[in-house]
Amino acid sequence: GFPSNVNGNCCDEKSQRKYQHPGQHVSLLPDFFCLFAKLFFLPVDYFLIFTFILMFIDFRILANLEVVKNYMNSFDLSNHQTIFNLSIIISQIISNVPATIFMSEFSKDYQALAYGVNLAGNGLLIGSMANIIALRFYPNSKIYIQFHKYSILFFIFIVFFINLCPL
C-alpha cells in the first residue's frame, strides 16, 4: 500500500516539502498576463475582428431573406460563368470575403466562386478586404486614387479577357 506515518498521513513532513503540485504555477498566469497585456491587446484591430464576425452572421442572414432568395434565383445559378460573374459584381459592392459567404448560400460551384471573388480583389478598393486593411496603414489618403488608377484598368482587362475565354 501507500506509506503512512503514525498519524495516518500519506507522507512525512520532509517529503511534503519536496512535493510540488503541478498546478501550483497556474496562479502565476494572471500575473504574467497582466504584465504582457499590452503585447496581447494593443496591436489588435478589434474593429476589424468585429467586422469579420458580423460579416459571417449578417451575410448568411441576408442570403436567407425571401426577397434576396427570389432575386438571386432569377439568375441561372447552375451556370459556371454566371456564378463567376455574380461573384465579381457582388465583390465590388460588399468585398470579396462577404461576397464569398453570401454566394456560397446560392451555389456550390466553388471553383467559379473562388475565381470570381479572387479576381474581384483587383477592382475597386472595397473588392478585397486585404486592400482595405493594407491601405488603412498608408499615411497618405492620395494612395486611394493611385490604387484605383491601376487596379480598375487591370480589373477591366482581366474580366473582359476571361469572359472572352471562359473558364
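**Notebook: helix α7 and its surroundings**

I started with α7 and looked up what its buried residues pack against: α4, α5 (66-72), α6, α8 (110-120) and α9 (129-136). For my own notes, contact means heavy atoms within 4.5 Å. Helices (H or I, at least four residues) are DSSP runs, numbered from the N terminus.

I reminded myself that this is a predicted model, where local features need pLDDT of at least 70, side-chain atom pairs count only at pLDDT 80 or more, and totals for chains, interfaces and linings use all residues. Residues are numbered from 1 along each chain as its sequence is written, and side-chain values use heavy atoms, with hydrogens and water left out.

**Entry: how covered is α7?**

I found that six of the eight residues of α7 are buried, so the helix is mostly covered (buried is under 20% relative accessible area, exposed over 50%, partly exposed in between, with a 1.4 Å probe and protein chains only). I noted their names: Asn96, Pro98, Ala99, Ile101, Phe102 and Met103.

**Entry: the loops on either side**

Next I went to Ser95, in the loop between α6 (80-94) and α7 (96-103). Its phi is near 85°, a positive value in a residue other than glycine. Ser95 counts as buried because its relative accessible area is 0%.

Then I moved to Ser107, in the loop between α7 and α8. Ser107 is also buried, at 6% relative accessible area. I saw its side chain reach the backbone nitrogen of Asp109 at 3.0 Å. Leaving aside residues up to four places away in sequence, Ser107 touches Leu77 and Ile83.

**Entry: aromatic pairs**

I looked for rings of Phe, Tyr and Trp (its six-membered ring) with centres within 6.5 Å; planes under 30 degrees apart count as stacked, over 60 as edge-to-face and the rest as tilted. The count comes to three aromatic pairs. One of them is Tyr71 with Phe75, edge-to-face at 5.3 Å centre to centre and 85° between the planes. Tyr71 is exposed at 53%, while Phe75 is partly exposed at 28%. Another pair is Phe102 with Phe106, tilted, with 5.2 Å centre to centre and 55° between the planes. Here Phe102 is buried at 6% relative accessibility, and Phe106 is buried at 14%.

**Entry: Tyr46**

Last, I checked Tyr46, which lies in helix α4 (residues 46-63). Tyr46 counts as partly exposed because its relative accessibility is 42%.

Methods
Helix = DSSP H or I, 4+ residues; strand = E, 2+ residues; numbered from the N terminus. Polar contact = N/O pair within 3.5 Å; in protein donor to acceptor, adjacent residues only side chain to side chain.
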